Amino acid sequence: MDFEQENSVWVIGHRNPDTDSICAAIAYAELQNHLSETKYEPKRAGNLNEETKYVLRKFKVKIPAYIDDVRTQVKDIAFRRTIGVSSSISLKRAWELMTTSKVVTLPITGDNNELLGLIVNADIAESYMDVLDPHILAEARTSYKNMIETLNGTILVGNEHGRYIKGKVIVAADSLPMAEESMEKDDLVITGDRESMQKCALKHNASCLIICGGTQVSKEIINEAQDKECVIISTPYDPFTVSRLIMQSMPIKQFMRTRNLKKFEIEDYVDDVREVMSKARHRDFPILDRDGCYIGMISRRNLLNMQKKRVVLVDHNEKQQAVHGIDNADILGIIDHHKIGSLETPVPVMFRNQPVGCTSTIIYQMYLENGVKITKPIAGILCSAIISDTLLFRSPTCTQLDKDAAAKLAEIAGIEMEQHANEMFKAGSNFETKTTEEICYQDFKTFTAGDILFGVSQISAMSREELDKVKERVLPYQSVIMEERKLNMVFIMLTDILNESSELICLGKGADEAVVKAFYKQKLNDGYRLRGVVSRKKQLIPELLDAIVSIQSDQA
């Protein structure tokens, strides 16, 4: 039986998500769940900022689950659900299960489905070849039930749930004198229809008699065996066959592998699994669930039948901004309002890119185009995203489409935009409870210009005073960002929403030269004052890209 693979589509925004990235993902997943039988789930590729948390709380919308990597995992593979077996079953039974199930490995599990060990067909084969000790049946504490099952027998005296725990196995079929000489207390004696041999075994206090050939056992022997607490098992097989089969009744616990087991968890990534498999000699490997319980077996062959994560990307189309592992995912679509970036797909996908101020404006249009009713919570978060991305229509990226969409959504959500915007921005500019790392990365994106990789963080607040306090904290942190993200340059954009201006601070070889070339500004108190510049996408990034490329060209 194969494990049921996850079949949903994840809708994910960029790393370090802003309000538009999160709200667009939620709204688009909701739209597709109205239009498609496939389940769409919103996810997030980073931590929420305070503004976004405020929006989701206000409209009582669940925070999307966090996803840090979209590489294929074990749970995306149709692996075999081989049922775990008890460590007490016989070698013979284990072999039969392998044969009927067409597997070479059996997982051995406990009462709570915890993995105890593994047994492979080679272990069973070796047990037949290596068993020379006549005491091993007792050492393995073999149950009489296993013996009965293995020998197709019937218990005449004793408890089938008991165990053979002491003595050796002997075959007493021919010479009585020889049998008397070899018999000892607690032995397991295999014999035939000779009552004299049966009496001899009882006289020597055998713990178990296996009587072959389906022979009728006398009442006298049965009574004596009961008195001496000797188990009697009758089998239709001859002594030779019994002596060959009896060792197969031993429990697999005696031969199972318990040390250094190579096992995987359901969340493990296939890249890591493949590497481990390449260094191991086994054919099958057990899989454990999130609680550490056994759920199935995986082999190299299963890796050929794996399903990539299926994703729709919103509010970005740059590889550097995408969730980790995006190259290993199956991208079904992209909805964005930024410039065409570096993401590539092996096949054509749905790609919708419009020159508007916010991805959520595009999502709003898609609701209208498909005739899907917009609920109050969805209207609230979409309107909030437009307000956030356009800085309440102050950003030069804002279009009439954004304004019209926001007005209609505000009406559905029952909010007054100016008041709601102030509450949002106030929540987002509360920096006192945040670490410097959280402040710098809450809205951070990376870009490439020729050979230069640079990052830009935008920090917005309602007043210059708030930004001046933040500036003191983030100035020394720029070097940390450069080292952590392996960047050539880093820029931090401190945006004053009400006064529609930004201060740009930067670090890295050539960063100051790029700002001066882009904006013809001189540095003042560690930064550059950019009046009227509030949009990273439209006003800052294009100018910086052109300036950096131009400098590289001049230096070539």
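## Terms and model

Contact here means that heavy atoms lie within 4.5 Å of each other, while helices (H or I, at least four residues) and strands (E, at least two) are DSSP runs numbered from the N terminus. This is a predicted model, in which local features need pLDDT of at least 70 and side-chain atom pairs count only at pLDDT 80 or more, whereas totals for chains, interfaces and linings use all residues. Residues are numbered from 1 along each chain as its sequence is written, and side-chain values use heavy atoms, with hydrogens and water left out.

Helix α8 spans residues 195-203, and its buried residues (buried meaning under 20% relative accessible area, exposed over 50%, and partly exposed in between, with a 1.4 Å probe and protein chains only) are Met197, Gln198, Cys200, Ala201 and Leu202. The cover over these buried residues includes β9 (169-172), α7, β10, β11 (208-211) and α9. Just after α8, asparagine 205 takes a positive phi of about 60°.

Asparagine 205 is also among the contacts of aspartate 186, which, leaving aside neighbours within four places in sequence, touches Tyr164, Lys166, Gly167, His204, Asn205, Ala206 and Ser207. Aspartate 186 sits in the loop between α7 (176-182) and β10 (188-191), and with 17% relative accessibility it counts as buried. Glutamate 220, placed in helix α9, touches Glu195 and Lys199 when residues up to four places away in sequence are not counted. Glutamate 220 is partly exposed, at a relative accessible area of 45%, and its C-alpha atom is separated by 97 Å from that of lysine 426, which is 206 residues away along the chain.

## Salt bridges

A salt bridge is taken as a side-chain nitrogen of Lys or Arg within 4 Å of a carboxyl oxygen of Asp or Glu, and by this rule the count comes to 29. One of them joins the side chains of lysine 168 and aspartate 187, with an N to O distance of 2.7 Å. Because lysine 168 lies in the loop between β8 (163-164) and β9, and aspartate 187 in the loop between α7 and β10, the pair ties together parts that are 19 residues apart in sequence. Both lysine 168 and aspartate 187 are buried.

Other salt bridges lie within a single helix. Lysine 53 pairs with glutamate 50, their closest N and O atoms being 3.4 Å apart, and both residues belong to helix α2 (residues 50-58), three residues apart, or about one turn of the helix. Lysine 53 is partly exposed at 31%, and glutamate 50 is likewise partly exposed at 22% relative accessibility. Aspartate 271 and arginine 274 form a salt bridge with closest N and O atoms 3.8 Å apart, and they too lie three residues apart in one helix, α11 (residues 270-279). Aspartate 271 counts as partly exposed at 34% relative accessibility, and arginine 274 is partly exposed with a relative accessible area of 37%. An α-helix has 3.6 residues a turn, so residues three or four places apart point the same way. Elsewhere, a network of salt bridges links Arg464, Asp468, Lys471, Glu503 and Arg529.

## Positive phi in two loops

Lysine 102, in the loop between α3 (91-101) and β4 (105-109), has a phi near 60°, a positive value in a residue other than glycine. Glutamate 229, in the loop between α9 (219-227) and β12 (231-234), has a positive phi of about 55° although it is not a glycine. Lysine 102 is exposed, with a relative accessible area of 73%, and glutamate 229 is exposed as well, at 72%.

Glu437, Glu438, Glu483 and Glu484 form a negative surface patch, a patch being made of residues with over 30% relative accessible area and no salt bridge, in which like charges are joined within 9 Å and nonpolar side chains (Val, Leu, Ile, Met, Phe, Trp, Tyr) within 5 Å. Helices α16 (436-441) and α18 (478-485) each supply at least two residues of the patch. Glutamate 437 lies in α16 and, at 41% relative accessibility, counts as partly exposed.

Threonine 446, by contrast, is buried, with a relative accessible area of 11%, and belongs to strand β19 (residues 444-449). Leaving aside neighbours within four places in sequence, threonine 446 is in contact with Gln320, Gln321, Leu453, Phe454, Gly455 and Leu487.

Definitions and conventions: Areas by Shrake-Rupley, 256 points an atom, 1.4 Å probe, with all protein chains shown as cover. Lys, Arg positive; Asp, Glu negative; His and termini not counted. Charge placed at Lys NZ, Arg CZ, Asp CG, Glu CD.
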